[in-house]
Amino acid sequence: MRSLFLRIFIWFWIALGLAVAALVVSSPLLTRSRPGLGRWQRAAEGSAEREARAVAQRVEREGWQALDERRGHGRGPLGPAVFLFGQAGEVLVGPEPPREVRELAQRVAERGVEESERMGIFYTVALPVTDPDGSALVLVVGHRRPPRVEHLLEPRVLAPRLLLLLLIAGAVCYLLARHLTAPIAALRSASRRLADGDLAARVGDKVGGRRDEIGDLARDLDVMASRLQSLIEAQKRLLQDVSHELRSPLARLGVALELARREAGEGAARSLARVEREAGRLNQLIEQLLTLTRLESGNAERAAVRIDLGALVEGVVADARFEAQGRGCEVHHSCAEPVTLKGDPGLVRSAVDNVVRNAVRYTAPDTAVAVTVSREGERALVRVRDHGPGVPAEELGKLFMPFYRVGEARDRSSGGGGLGLAITERAVRWHGGAVSAANAEDGGLVVELSFPIGEQR
């Protein structure tokens, strides 16, 4: 059982239920209306009265001194306790009596009538007696007689009471368990939203206003979330500002490169071409950074149109085949049925293109990258499978992080800047979809893009 709420609720309920059951079964005070206990009480009272009358007859016949001589005979732990009080209330027979016994004897002496009392499982009978010399005395006999099991266990009587009490205990335990675990559920919800990228998630005053350890934890979590939000937003602004600032020098570099190509001789053409290629790669990296920051900041507001996903993916595959031929591999495309969705064609194309080109880059020579488009229920799926080295299982969840590169592919010559898959994940999520990656059983990597089919954004 993994639910803290259920564990708290069940254990509280069991503990309280056992306590209630023990109280109901064992307490004569709370269960006087039960027939078995009534029989026990009548039998115990009758036994105490018979014992008291037998002792009273002995006192009246032989005197209280005879009782004093024989008071210890025939008494065990459950036997009677005998007290005899004189005219002045002094104790003639028996040990020092409890306060209740003295008070009972005093009432009988004042009224001159017999009285009896029950104190739990103790039954006391007090009656006035007269010894042979005419002295008025008060005899008190205490009889201890606990109920037997058959007196206590009466299912027909106990079952409804126990059921009612257990239901009441269950309601109390439910409210208590809910009170204890509701703040934890709020903390869990806020932490999950943070983990999913909602930097505005907070626990709030409902839990943070508590004056206990859980309230302290909620306030600490909100402070941490605020700090994380400010740091990440500052990082996004820095990337965006740097990207914008770099575009102007790059544009001027392109102009200077054209002027240098005109003025330089044939010997510099090769070096200038290399400069142009590197400037192009830098411009592409800046464009990716700007796209990523727009997606993460929510500023990628574009018109959503109806997209033929099969045709779009086929176009991406056609472009990727040129690159695949240079690497000695192929790209195969299949679409079992027409699949359409509503979204931004540029973002969807960029998302699919990044995954397909990444697969072409890492698949083994003389193998084929398989790209399939299908529909499962209300979702459109694009699966891209290569035959490369795959990805260590512990790093699969990091593939879609910006600038993250798998350990075996850290050489910059093997790929781009580590932004392609990050842009894919943000673009798919912008459409309300999800991206996943898994290693194929016979080698290679399978990346799946899932888009909802319906009105998005």
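Student: How do you know that D386 has no salt bridge?
Tutor: This is a predicted model, so what follows is computed from its atoms. The nearest side chain of opposite charge to D386 is R385, 5.7 Å away. A salt bridge needs a side-chain nitrogen of Lys or Arg within 4 Å of a carboxyl oxygen of Asp or Glu, so D386, although buried, has none.

Student: What does the side chain of D386 reach, then?
Tutor: Two backbone nitrogens are reached: that of G388 at 3.1 Å and that of L445 at 2.9 Å. A polar contact requires N or O atoms within 3.5 Å, so both pairs meet that distance limit.

Student: Where is D386, and which residues is it in contact with?
Tutor: D386 sits in the loop between β10 (379-385) and α12 (420-430). Leaving aside neighbours within four places in sequence, its contacts are A359, T363, V369, G443, G444 and L445.

Student: D222 is also buried. What makes it a residue without a salt bridge?
Tutor: D222 lies in helix α8 (residues 213-263). Its nearest side chain of opposite charge, R202, is 5.0 Å away. The limit is 4 Å, so no salt bridge is counted for D222.

Student: Which residues does D222 touch beyond its sequence neighbours?
Tutor: Not counting residues up to four places away in sequence, D222 touches R202, V203 and G204. The side chain of D222 also reaches the backbone nitrogen of V203 at 2.7 Å.

Student: Why is D366 called exposed?
Tutor: The relative accessibility of D366 is 75%. You can find D366 in the loop between α11 (345-362) and β9 (368-376).

Student: What is noted about the phi of D366?
Tutor: D366 has a positive phi of about 65 degrees, although it is not a glycine. Most residues other than glycine have a negative phi.

Student: Why is R327 called partly exposed?
Tutor: R327 has a relative accessible area of 40%. Buried is under 20% and exposed is over 50%, with partly exposed in between, so R327 is partly exposed. R327 is found in the loop between α10 (309-326) and β7 (330-335).

Student: How far apart are R327 and V360, in sequence and in space?
Tutor: R327 and V360 are 33 residues apart in sequence and 8.0 Å apart in space, C-alpha to C-alpha. Not counting residues up to four places away in sequence, R327 touches V360, R361 and P365. A polar atom of the R327 side chain lies 2.7 Å from the backbone oxygen of R361.

Student: Which residues form the nonpolar patch on the surface?
Tutor: The patch is made of L6, I10, W11, F12, I14, L18, L176 and L180, with about 720 Å² of accessible area together. Helices α1 (4-26) and α6 (155-195) each supply at least two of its residues, and the largest share, six residues, comes from α1.

Definitions and conventions. Residues numbered from 1 in each chain as written. Predicted model: local features only at pLDDT ≥ 70, side-chain atom pairs only at ≥ 80, totals over all residues. Heavy atoms only, no water. Helix = DSSP H or I, 4+ residues; strand = E, 2+ residues; numbered from the N terminus. Buried < 20%, exposed > 50% of the residue type's maximum accessible area, 1.4 Å probe, protein only. Lys, Arg positive; Asp, Glu negative; His and termini not counted. Polar contact = N/O pair within 3.5 Å; in protein donor to acceptor, adjacent residues only side chain to side chain. Contact = heavy atoms within 4.5 Å. Patch = residues over 30% accessible without salt bridge, like charges linked within 9 Å, V, L, I, M, F, W, Y side chains within 5 Å. Areas by Shrake-Rupley, 256 points an atom, 1.4 Å probe, with all protein chains shown as cover.
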